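This briefing goes through one protein chain, from its overall make-up down to single residues. Please keep the sequence and the coordinates open while reading.

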Amino acid sequence: MGQRVSCCTHPSFASSNYGDYEKLESEEDSIVQKKNKSQEDSYPELHFPFELGKRIKQSFPLTNPTDDYMAFRVMGSNPKKYSVSSNIGAVSPKSTYDIKVTMQAQEEAPPNMQCKDIFVFKTIFVKPGATRKHITPEMFEKNSGYEVKELIVRVVYVAPPKLPSPFQETFDRKSSPRAN
């Protein structure tokens with residue numbers, strides 16, 4: 001189905017080298033603000049093989065290595081461009097939940113295949129047995145009473161491999177000194 005990225009475990013958010021992030025006063029301005037721009041290279045990445053006019057699906061496994069139930073929320077910087085299979089859910093102890101992300105078909109390629117899109121994964125620990133129906137977006141807010149951990153994942157476009165042109169191959173054989 002695509003490249004699998006593993007990196008989202010709740011305890012590692014606090015101690016990881018993914019950087020420290022500061023919530024902005026207004027979520028409308030931006031989802032998160034980096035405290036240290038030099039840490040941009042340490043973001044985990046979700047790779048999409050970019051092809052014009054084609055929807056691309058990728059998986060992002062969210063792992064819970066603890067003995068506690070974990071809830072998650074996924075937010076993206078460009079919700080019109082990507083759809084997420086489950087943007088809120090629960091992960092049982094010592095298990096993995098595969099989040100499917102689909103990039104809508106694109107009409108044009110971005111300059112130099114650069115992408116500024118990100119996903120923010122928020123996690124909290126919840127009561128044992130919690131399921132999707134027990135989890136609300138408000139639980140992930142700053143003053144919810146839960147310890148909210150965040151991880152930013154950058155979107156990276158990968159150019160598809162260039163296939164040799166059948167026309168070029170025919171032309172090369174005819175113009176080759178060996179062909180005469």
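The model is predicted, with local features drawn from residues with pLDDT of at least 70. The protein chain holds 2 helices and 11 strands, and 34% of its 180 residues are buried.

**Fold and surface**

- Read from the N terminus, the elements of the protein chain follow the order β-α-β-β-β-β-β-β-β-β-β-β-α.
- Among contacts with a separation of 6 or more, 74% join residues 24 or more positions apart.
- The protein chain has an accessible surface of about 11300 Å². Carbon and sulfur atoms account for 49% of that surface.

**Nonpolar cores**

- In soluble globular proteins, nonpolar side chains tend to be buried together.
- The largest nonpolar core contains 21 residues. Within this core, F48, Y82, F119, F121 and Y157 have the most contacts.
- Two or more residues of this core come from each of strand 4, strand 5, strand 6 (69-76), strand 9 (95-103), strand 10 and strand 11 (149-158).
- Strand 11 gives the largest share of this core, 4 residues.
- A second, separate core has 8 residues, including I124, V126, A130 and F140.
- F119 is in contact with L46, V74, M75, G76, Y82, V84, V101, L151, I152, V153 and V155, with neighbours within four places in sequence left aside.

**Aromatic pairs**

- A pair of aromatic rings is described by the distance of the centres and the angle of the planes.
- The count of aromatic pairs is 5.
- One of these pairs is formed by F48 and Y82, with 5.7 Å centre to centre and 45° between the planes.
- F60 and F121 form a stacked pair, at 4.5 Å centre to centre and 25° between the planes.
- F60 is in strand 5 (residues 56-64) and F121 in strand 10 (residues 118-126), so the pair links parts that are 61 residues apart in sequence.
- Both F60 and F121 are buried.
- One aromatic cluster is made up of F48, Y82 and F119.

**I56**

- I56 is part of strand 5.
- I56 counts as buried because its relative accessibility of 6% falls under the 20% limit.
- Beyond its neighbours within four places in sequence, I56 is in contact with F48, P49, V101, T102 and M103.
- I56 and M103 are 47 residues apart in sequence, yet 5.2 Å apart in space, C-alpha to C-alpha.

**Q106**

- Q106 sits in the loop between strand 9 and strand 10.
- With a relative accessible area of 16%, Q106 is buried.
- A polar atom of the Q106 side chain lies 2.8 Å from the backbone oxygen of Q104.
- Not counting residues up to four places away in sequence, Q106 touches F50, L52, G53 and K81.

Key. Residues numbered from 1 in each chain as written. Predicted model: local features only at pLDDT ≥ 70, side-chain atom pairs only at ≥ 80, totals over all residues. Heavy atoms only, no water. Phe/Tyr/Trp six-rings, centres within 6.5 Å; stacked < 30°, edge-to-face > 60°. Buried < 20%, exposed > 50% of the residue type's maximum accessible area, 1.4 Å probe, protein only. Contact = heavy atoms within 4.5 Å. Areas by Shrake-Rupley, 256 points an atom, 1.4 Å probe, with all protein chains shown as cover. Core = buried A, V, L, I, M, F, W, Y, C linked by side-chain atoms within 4.5 Å. Polar contact = N/O pair within 3.5 Å; in protein donor to acceptor, adjacent residues only side chain to side chain.
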